[in-house]
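Hello,

Here is the structure I promised to pass on to you. Have a look at it first, and then read my notes below.

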Amino acid sequence: MRFEPGQQVRVAARPHEGHCRTPVYLRGKAGTVASVHGSFTNPETRAYGADGLPEQPLYGVLFAQRHVWPAYAGPAGDTLVVDVYEHWLEEA
Amino acid sequence: MGHDHDHRHDHDHDHEPIRHDGEPQAAARVRALEELLVEKGVITRDAVRQGVDWLVSRSPGDGAKLVAHAWVDPAFKERLLTDARAAADELGLDAGPSPKVVAVENTDEVHNMVVCTLCSCYPRALLGPPPAWYKSLAYRSRAVSEPRAVLAEFGVELDPDVELRVLDSTADVRYLVVPRRPDDTEGLTADELAALVTRDSMIGVAQPRAAEPQPA
């Protein structure tokens, strides 16, 4: 595990071709690791018949809504938790 | 059904036969995929039938039992929030084949609401098949970008002081919301409480039903 709860992380802004479970709306956004779910096979390779190994750690990452959506109409305290695999996360 | 007589329409223009089988495009695509997978020996028809049987046999009643037990038993609630699969096992409930099931608790401070923006990930084993709106593009996009407006359309006006936390289940985790226990339900049994726990309240887009007023 490269990251632990409370740590600041950023979702990689790189483009990606093919199957991917990291939503485009999060690319380049910074958040905080809220939970560590364990390690799971990588869906990006498994989708094409591979075994998905090595397994990727999966994190629940907490984002401030107003950071993700600059025009967010709700209160400043509203949040979004998205599960992101480790190879999509960078130190922030 | 075929027929070999000379077929006459009662109008005289030519057109392709009108088909009334009404199969949606997505269903036709799934059927074509299934044919190929069976032909190539990847899956069997029996496995598909068993999968469909399992899915339609699931219902929100199982999730409701978990929630009601959590409401009456704080120690069980802690176990549910720590490891939902193990807690389901305790009650003899099947949490399903998903790699991980996580229960999150709504409180006075935080209201959780679940979406899968990428497809339709959903704790099917505990809630049954997801509703059509959960799979719609409108819900999947608006639930993350304007969730309070979506909640208002479901009839939930959330206090601005409450943190609305949207969970986008993009990966291997399926989320089950434990809604807040309704007021004036102190005397109810777990079974009576379970009847108040709706599917939508476990997705986080609604509050549970209110209790019937108790006789004085």
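Let me start with one pair of residues: A:R10 has A:E90 in β5(A) as its bridge partner. Strands here are DSSP runs of E with at least two residues, and helices are runs of H or I with at least four, numbered from the N terminus. Strand β1 of chain A (residues 8-11) and β5(A) run antiparallel and are joined by three bridges; two strands pair if DSSP finds at least two bridges between them.

Before going on, please note that this is a predicted model, where local features need pLDDT of at least 70, side-chain atom pairs count only at pLDDT 80 or more, and totals for chains, interfaces and linings use all residues. Residues are numbered from 1 along each chain as its sequence is written, with chains lettered from A and ligands numbered from 1 in the order in which they are written.

Now the wider picture. Seven strands make an open sheet with mixed pairing, in the order β5(A)-β1(A)-β2(A)-β3(A)-β4(A)-β3(B)-β2(B). At its edges, β5 (89-91) of chain A and β2 (110-115) of chain B each pair on one side only.

The contact involves 19 residues from chain A and 20 residues from chain B (C-beta atoms, placed from the backbone, within 7 Å). On the side of chain A that touches chain B, β4(A) gives the largest share, six residues.

Enjoy exploring!

Definitions and conventions
Contact = placed C-beta atoms within 7 Å.
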